[in-house]
Amino acid sequence: MKKGILFWGLVLLGGTALAQTGVRLNIELHDVQHLVINPDQSTVTLAYHTLADYQNGVESVQKAHLSVFSTSGYEVKVKMANQDFIKLGQAQTEKIPAPLIRVKATSTHIGQANTASGVLSTNKETIISSDSPTLNGLFDVTYTGPGADGLMQYVEKNNTVTFTNDVLYSIETR
């Protein structure tokens, strides 16, 4: 009987012999920040058509203008590329000093981030900030041009005049 038990013990142990090996699985997490301007809104125009426009200023609201993804706290900053606006359509380059143009961000989701308004200049202004990460931050942006007849001196008789500059956005770790 002892031989029978020993026989079955060896069969069971011998039949279940296993070989194992393993790998170490690492997960690397990198800080990622991504800022996108709505491609359908790559040109924003502040158009002055009426007496009220010149007196009160004009605004252009760009819905879902900025999209933000950040794995950490962040700040979105805005600035103008050049100190002067350049007149389009002329062989000669005519420039005007940058008028007082305001830019204001508004979150499309309540409590998503802190938003603010700023004046466009060649210095960075923070218009969106958050201490928390965001997977799908979406922001409207309002551009407001000056009133009080501040641009009247650049109007040409019987001609539409356009001056241009580039607005640059950046995202930075907070």
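**Salt bridges around R174**

User: What do the side chains of D131 and R174 form?
Analyst: The side chains of D131 and R174 form a salt bridge, at 3.3 Å from N to O. A salt bridge here is a side-chain nitrogen of Lys or Arg within 4 Å of a carboxyl oxygen of Asp or Glu.

User: Where in the chain do D131 and R174 lie?
Analyst: D131 is in the loop between β9 (125–130) and β10 (134–144), and R174 is in the segment after β12, 43 residues apart. Strands (E, at least two residues) are DSSP runs, numbered from the N terminus.

User: Which residues are joined into one network?
Analyst: Salt bridges with shared partners join E75, K77, K124, D131, E172 and R174.

User: Before continuing, what kind of model is this?
Analyst: This is a predicted model, in which local features need pLDDT of at least 70 and side-chain atom pairs count only at pLDDT 80 or more, while totals for chains, interfaces and linings use all residues. Residues are numbered from 1 along each chain as its sequence is written, and side-chain values use heavy atoms, leaving out hydrogens and water.

User: Is D131 buried or exposed?
Analyst: D131 is exposed, at 63% relative accessible area. Buried means under 20%, exposed over 50%, and partly exposed in between (1.4 Å probe, protein chains only).

User: And what about E75 with R174?
Analyst: Their side chains also meet in a salt bridge, at 4.0 Å from N to O. E75 belongs to strand β3 (residues 74–80), 99 residues from R174. E75 is buried at 18%, whereas R174 is partly exposed at 46%.

User: How many salt bridges are there by this rule?
Analyst: The count is eight.

Key: Helices (H or I, at least four residues) and strands (E, at least two) are DSSP runs, numbered from the N terminus.
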